[in-house]
Amino acid sequence: SSYLCCPFKFKMMSVHISAKKGEIAKTVLQPGDPLRAKYIADNFLEDVRLVSKTRNIFYFTGLYKGKEISVGASGMGVPSIGIYSYELFTEYDVDTIIRIGTCGGYTTDLNVFDLINVDGAASESTYAKFAWEMDEEIMYHQGKAFDVINETAKELALETKAANIHTSDVFYRKTPGIPAIAEKYNCPAVEMEAFALFANAKHLGKNAATILTVSDIIPTGEEISADQRETALRTMMTLALESGIKL
Ligand code: HPA
């Protein structure tokens, strides 16, 4: 009877990603922006397939130097990366997610184009508490991806700074200056996703790292210009891909 082939019994896709099981690689590079995912697929991968386009959050799977890798967006902010990273880890058996993003520098000790390999992400977000009953304000990178990124950066003669960063839920805020949590955990830069990615990976026993390019210096307003952006991000993409194929 039709009851026997109930489609819900053999779920082929997850709630927010329409790829079939097996269509996503064990290692996923995750930029915030879907068009950046497409850029990586178009410029760095071979034999590429578009495996999900739900909500225009494109996921692509292809080969980098012969190794299968997937790339797809997280969207912006903790709730969005919380959903996508969770489904990748639990529905697609992904082992490692490397987030590649941009961040704002809180101090002039940083310069635009600096590369940060994130050690811990401190946040006022309640995500880890309400998702996984984890009460810490800081979540750390998980597994060996962080070390592999540091080693790979050396091989490529790229300078990366290992640092804590602030994962903020707020882009626009009333009061200028460095928020208390960023002071408390020595965070020279701010982005909006790493905390949730690390919390999910910690809860699930998976691997996660975050590489950030400093795109703007908040106190001076200096920023990477539109035409410099592509080259700056290509460097980070190469570092993530070269690290990704070792994982
Ligand atoms: N704030 C938060 N996230 C960011 C910023 C910022 O200033 N710049 C790039 N990502």
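The model is predicted, with local features requiring pLDDT of at least 70 and side-chain atom pairs pLDDT 80 or more, while totals for chains, interfaces and linings use all residues. Residues are numbered from 1 along each chain as its sequence is written, and side-chain values use heavy atoms, with hydrogens and water left out.

**View 1. Polar atoms at the ligand.** An N or O atom in the side chain of Asp216 is 3.0 Å from a nitrogen atom of the ligand. On the backbone, Gly104 places an N or O atom 3.3 Å from a ligand nitrogen, and for a polar backbone atom of Thr102 the distance to a ligand nitrogen is 3.4 Å. The protein buries 86% of the 260 Å² that the ligand exposes when taken alone (Shrake-Rupley method, 1.4 Å probe).

**View 2. Salt bridge between Glu91 and Lys21.** The closest N and O atoms of Glu91 and Lys21 are 2.9 Å apart. A salt bridge is a side-chain nitrogen of Lys or Arg within 4 Å of a carboxyl oxygen of Asp or Glu. Because Glu91 lies in helix 2 (residues 78-91) and Lys21 in the segment before strand 1 (27-31), the pair ties together parts 70 residues apart in sequence. The whole structure has ten salt bridges.

**View 3. Surroundings of Asp42.** Asp42 is part of helix 1 (residues 34-44). The side chains of Asp42 and Lys38 make a polar contact at 2.7 Å (a pair of N or O atoms within 3.5 Å; within protein, one must be able to donate a hydrogen and the other to accept it, and residues adjacent in sequence count only if both atoms are side-chain atoms). Phe60 is 18 residues from Asp42 in sequence, with 9.6 Å between their C-alpha atoms.

Terms used: Helix = DSSP H or I, 4+ residues; strand = E, 2+ residues; numbered from the N terminus.
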